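Here's a quick briefing to read alongside the model. Have a look at the fold, then run through the notes below.

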Amino acid sequence: MSDCLFCKIASGEIKGNIVFEDEHLVAFRDINPQAPMHVLIVPRRHIASLNELDSSDDALVGEMVRRAAAIAKQEGHAEIGYRTVFNCNAGAGQTVFHIHLHVLGGRRFGWPPG
Ligand code: 5GP
Ligand code: ZN
């Protein structure tokens, strides 16, 4: 999608601090980190929100979740724990309408989330 920030980061049109990329996914550091580790994992393909997913996306979402675990492990947070978050739509705080999985680590996380 031509005017989507995360499509532009995924394509390289806008520079991101990239920690992982492959054929389907790109992971980069959040510009406004909420924890010592704050990585966003996005599919290369534009999907606006979780509400637009269908069964053909199951493998892609599985890759996103497994990549979150791999990045947390790589950055040393797997054992103590880390937080993964998908915000869906404005009421939950979604501000960029291209699905992204937040991966946060390096501090304690409260529950319920704010
Ligand atoms: P949301 O609020 O949609 O769940 O998360 C969007 C995230 O994107 C926020 O945590 C915000 O800090 C991050 N973000 C917004 N603009 C940019 C940007 O230009 N580059 C990067 N790396 N992150 C961004
Ligand atoms: Zn997009």
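Which residues are exposed on the other side of α2? They are Asp58, Ala59, Arg66, Lys73 and Gln74. Keep in mind that this is a predicted model. The notes start with that helix and then turn to a few backbone spots.

**Helix α2**

- α2 takes in residues 58-74, which makes 17 residues.
- From first C-alpha to last, α2 reaches 24 Å, close to the 24 Å expected at 1.5 Å a residue.
- Its buried residues are Leu60, Met64, Ala68, Ile71 and Ala72.
- As for partners, the buried residues of α2 pack against β1 (18-21), β2 (25-29), β3 (37-43), β4 and β5.
- Glycine 76 follows α2 and has a positive phi, near 85 degrees.

**Asparagine 89**

- You'll find asparagine 89 in the loop between β4 (82-85) and β5.
- Asparagine 89 isn't a glycine, yet its phi is positive, at about 75 degrees.
- Asparagine 89 counts as partly exposed because its relative accessibility is 33%.

**The cis peptide bond**

- Tryptophan 111 and proline 112 are joined by a cis peptide bond, with omega about 5 degrees.
- Proline 112 has its place in the segment after β5 (101-105).

How values were computed. Residues are numbered from 1 along each chain as its sequence is written. Chains are lettered from A and ligands numbered from 1 in the order in which they are written. This is a predicted model: local features need pLDDT of at least 70, side-chain atom pairs count only at pLDDT 80 or more; totals for chains, interfaces and linings use all residues. Side-chain values use heavy atoms; hydrogens and water are left out. Helices (H or I, at least four residues) and strands (E, at least two) are DSSP runs, numbered from the N terminus. Buried means under 20% relative accessible area, exposed over 50%, partly exposed in between (1.4 Å probe, protein chains only). The expected span of a helix is 1.5 Å times one less than its number of residues. Contact means heavy atoms within 4.5 Å.
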